[in-house]
Amino acid sequence: MTDDEHERAKEKARQLLRQILPESAWSELENKGVIQVGGKRSNYVISPYSQTEIRNLSSGRLVAYACLQLSTPAPTYDRMIAEYLLIKNAEDVYWKTASIFRRDWNELGIDVLFLIAVDFALFVNMLREVLFHHVH
Amino acid sequence: MIGKLRMICTSGDKLLAEWDTETVSPERLKEIEQEFNEKIAQGWFAADISEKKSVLIREFDPNAEILLIPRVQGG
């Protein structure tokens with residue numbers, strides 16, 4: 001495929017996405033470069049150039065990334081169409097099909113991370129004491 | 001009203017069939033429905049994209065603008 005053909009395909013897919021999306025979602029794509037889709041399980045941020053962000057419904061915190069591909073080569077906007085339609089109509093199928101990379105550490109609050117760090121420091125200290133006692 | 005059957009492909013999308021819902025012959029509709037069913041059997045999924053409906057469908061709807069989407073997989 002030549003560069004021209006590639007650009008034509010990309011533009012065609014972009015116009016198809018425009019036809020499918022509600023006006024508000026299209027404006028969001030034009031202005032912010034992403035579309036946000038609300039599901040029953042999570043909120044999703046679909047981008048043409050990166051993996052889809054899965055965000056907590058209430059806090060909006062990033063909990064995972066999702067990666068979904070079409071089985072045939074197609075412009076990135078076509079992949080966005082597939083993701084949009086699946087999330088909107090069959091969210092559970094989306095979760096079963098896409099590769100989901102959880103970001104569990106992001107879900108831990110700073111207080112929990114602090115406690116983990118303190119616990120680790122205490123453990124190292126205890127280990128040091130035991131070894132020191134053993135040697136002497 | 002115009003019905004359409006489109007499919008996503010390397011070049012964006014391709015129009016497989018277009019018909020006037022008032023005048024299309026039953027034979028022609030049967031052919032289009034068969035094409036639709038073959039894709040669904042191959043694992044493609046379909047959506048009615050007329051008037052921004054954007055709903056997934058399993059059965060051929062002669063009054064819809066249908067988009068066929070290839071199988072999807074985790075990346």
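**Before starting**

This is a predicted model, in which local features need pLDDT of at least 70, side-chain atom pairs count only at pLDDT 80 or more, and totals for chains, interfaces and linings use all residues. Residues are numbered from 1 along each chain as its sequence is written, while chains are lettered from A and ligands numbered from 1 in the order in which they are written.

**Stop 1**

Helices (H or I, at least four residues) and strands (E, at least two) are DSSP runs, numbered from the N terminus. Select residues 23-32 of chain A, which form helix α2. Of its 10 residues, the number buried is 1, so α2(A) lies largely in the open. A residue is buried if 20 or more other C-beta atoms lie within 10 Å of its own, exposed if 12 or fewer, and partly exposed in between, with C-beta atoms placed from the backbone.

Next, select residues 110-135 of chain A, helix α6. The expected span of a helix is 1.5 Å times one less than its number of residues.

**Stop 2**

Select M1(A), in the segment before α1 (3-20) of chain A. M1(A) counts as exposed because it has 11 C-beta neighbours inside 10 Å. Not counting residues up to four places away in sequence, M1(A) touches H6(A) and T10(B); two residues are in contact if their C-beta atoms, placed from the backbone, lie within 7 Å.

**Stop 3: the largest nonpolar core**

A nonpolar core is a set of buried Ala, Val, Leu, Ile, Met, Phe, Trp, Tyr and Cys residues joined through C-beta atoms within 7 Å. In soluble globular proteins, nonpolar side chains tend to be buried together. Select L17(A), I81(A), A82(A), Y84(A), L67(B) and I69(B): of the 42 residues in the largest nonpolar core, these touch the most other members. Helix α3 (residues 76-89) of chain A gives the most to this core, with 8 residues. Focus then on L17(A), which is in contact with Y77(A), M80(A) and I81(A), leaving aside its neighbours within four places in sequence.

**Stop 4: where the chains meet**

Colour the two chains separately. How many residues does the contact take from each chain? Chain A provides 28 residues and chain B provides 19 residues. On the side of chain B that touches chain A, the elements giving two or more residues are β1 (2-9), β2 (12-20), β4 (55-57) and β6 (72-74) of chain B. Among these, β6(B) gives the most, with 3 residues.

Select β6(B) together with strand β4 (residues 62-70) of chain A; they pair in the antiparallel sense over 3 bridges. Two strands pair if DSSP finds at least two bridges between them. One bridge to find joins L70(A) to V72(B) in β6(B).

**Stop 5: chain B as a whole**

Along the principal axes, the C-alpha atoms of chain B fill a box of roughly 45 × 25 × 25 Å. Buried residues make up 25% of its 75 residues.

Select β1(B) and β2(B), which pair in the antiparallel sense over 8 bridges. A hairpin of 2 residues joins β1(B) to β2(B). K4(B) has E18(B), in β2(B), as its bridge partner.

**Stop 6: a loop of chain B**

Finish in the loop between β3 (45-48) and β4 of chain B, where E51(B) is found. Phi of E51(B) is near 45°, a positive value in a residue other than glycine. E51(B) is exposed, with 9 other C-beta atoms within 10 Å. S54(B) also lies in the loop between β3 and β4 of chain B. Phi of S54(B) is positive too, near 55°, and this residue is likewise not glycine. With 19 C-beta neighbours inside 10 Å, S54(B) counts as partly exposed.
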